[in-house]
Amino acid sequence: MPRSLLWFRQDLRVIDNSALDAAVNQGNAIIAVYILDEENLRALGGASRWWLHHSLAALQADISGLGGTLHLFHGNSQSILSELCAANDLSTVHLSRCYEPDAAALEQRVYKVLQPAVDVHRYCGTLLFEPESIVKDDNSPYKVFTPFYKSCLRRPSPGRAPVPPDAGNWFNDTLPGSCTLEELNLLPVAPDWAGGLRDTWQPGGQGAHHKLQHFLAEAVADYKTDRDIPAIDGTSQVSPHLHFGEISPRVIWHQVEQAVQQNPDIQEGATAYLRELVWRDFAYYLLHHWPTLPTDPFRPEFAGFPWQDDEQLRKVWSKGQTGYPLVDAGMRQLWHTGWMHNRVRMVVASFLVKHCLQHWKHGEAWFWDTLVDADQANNTASWQWAAGCGADAAPYFRIFNPTLQSQKFDAKGDYIRQYVPELAALPAKYIHEPGKAPAQVLKDAGVELGVNYPFPVVEHKMARERALAAHKAMPKNSG
Ligand SMILES: Cc1cc2nc3c(=O)[nH]c(=O)nc-3n(C[C@H](O)[C@H](O)[C@H](O)COP(=O)(O)OP(=O)(O)OC[C@H]3O[C@@H](n4cnc5c(N)ncnc54)[C@H](O)[C@@H]3O)c2cc1C
């Protein structure tokens, strides 16, 4: 029987996977492969490696349930694919498109190497809308979210029902050069820091669908307001599943539309939720049209921004020891669970780039290493947004006050209590700013400032004025 190759990338799922469906429909024996390529692609962070291990295990189980095998490889995708095609006399390769500059360039090289002997078929499924399909009247790409969003809404619904694939013919013999999941060495050896991740997540398609169903049943109705409250489970937490392609955004869209049909009362929350999914598309859209986004500021005038370089400051930020309780809670949630609430991500990012004047690339790199949803498009676009140099960023002078953000979005201090236990016994009135608490209140709560909880590493008013001065001093003609 003729054979085709199905190359899994960031589409680690069997439901709504167009590349897989096409391979099944073609009728050839399917050689399903995943290649851990550390030569051509940005090295994964620790949390992502942990996730990938479990995601591949789940995909192996799902493919095995269909009667197939997922063959694993470690190395250069280009040479591995060429060898597989030659050794197995393959005529077709099916793959899902990726948009990160390195992955897109790799895709082009694979095309060049394999064609015309092999037909390479590329499918979409990572995004709701292909980036080339949404453009302004003059064919140039959007730089601002709202018109992009409106343009997306004018299209037919991108939703797709979660239909399982048909049974295929799978190639199950061992392939020379393939390895086991353990041989990919994705898990931490020692120390094993992944306990918090294990307690929090179930990587894989099943885990993704559970998260979505739970969200639709419990939280979507109040999403518009609750999404900003970090102490509440008010968001879907599907971001790592989306990043690894364990669930497609099209299926999420469809499921949300179905839920609204069944219960129109959730319409407002559902609309707000789908808007966030479009934000995700927008980040990929920006990265596709501006592939220098990971290295250069979107607003070129920021190229000469007078960043400071303070390793010690970055260290206390990353460890959640800044003396700003909401910032510290967020950074510790990140370290413990591999995820951080969006509102708090905005606050900690703003704190690093504006209060501490550290380059956004340092923050991006720390998030890349520690987030289970680390995603080049979302991470870069969001860090640039926080630094004021990104697309659609708020005016630079809007500098978050971390204490006011804390009082507004964690009014009772529940989120802080969960992640900064040394402050847990402080009353809500003082938990956002322990330095303002009377000595007796601190004593009763067991808080010793400078001993078991730090004084603020920078003073807010001074930091705000310094950031504004730095922005003013930025050479306006750079870039
Ligand atoms: C500094 C910073 C860095 C970030 N880095 C990442 C990252 O590496 N990976 C990542 O997936 N998200 C990133 N985000 C965006 C956002 O914080 C997360 O997508 C969101 O918190 C994920 O939680 P959720 O799935 O519960 O989101 P929900 O509120 O349930 O939203 C559903 C989905 O919509 C998308 N989404 C939600 N908010 C945003 C947003 N602000 N921008 C773009 N897409 C959004 C996500 O795919 C999310 O899973 C970052 C935000 C900031 C401020």
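**A guided look**

Guide: The chain is divided into domain 1 (3-126), domain 2 (127-161 + 205-289) and domain 3 (300-472), with bounds that come from an automatic or database domain assignment. This is a predicted model, in which local features need pLDDT of at least 70 and side-chain atom pairs count only at pLDDT 80 or more, while totals for chains, interfaces and linings use all residues. Residues are numbered from 1 along each chain as its sequence is written.

Visitor: Why are helix 10 and helix 11 called roughly antiparallel?
Guide: The axes of helix 10 (residues 249-262) and helix 11 (residues 267-289) cross at roughly 170 degrees and come within 10 Å. Axes are lines fitted to C-alpha atoms, for helices over the stretch in contact, and angles run from 0 to 180 degrees between N-to-C directions. Angles under 35 degrees count as roughly parallel, over 145 as roughly antiparallel, 65 to 115 as roughly perpendicular and the rest as oblique. Helix 10 and helix 11 are therefore roughly antiparallel.

Visitor: Which residues make helix 10 and helix 11 meet?
Guide: Among them are Trp-253 and Val-256 in helix 10, and Tyr-273 and Leu-277 in helix 11. Being in contact requires C-beta atoms, placed from the backbone, within 7 Å. By class, this contact has 10 nonpolar, one polar and one charged residues. Here Ala, Val, Leu, Ile, Met, Phe, Trp, Tyr, Cys and Pro count as nonpolar, Asp, Glu, Lys and Arg as charged, and the others, Gly among them, as polar.

Visitor: Which residues come nearest the ligand?
Guide: Thr-235, Ser-236, Ser-239, Asn-379 and Ser-382 do, out of 27 residues around the ligand. A residue counts as near if its C-beta atom, placed from the backbone, lies within 6 Å. By class, the shell has 12 nonpolar, nine polar and six charged residues. Domain 2 and domain 3 each give the shell at least three residues.

Visitor: How many residues of domain 1 are in contact with domain 2?
Guide: In domain 1, 17 residues are in contact with 17 residues of domain 2. The domain 1 side divides into eight nonpolar, four polar and five charged residues.

Terms used
Helices (H or I, at least four residues) and strands (E, at least two) are DSSP runs, numbered from the N terminus. Two residues are in contact if their C-beta atoms, placed from the backbone, lie within 7 Å.
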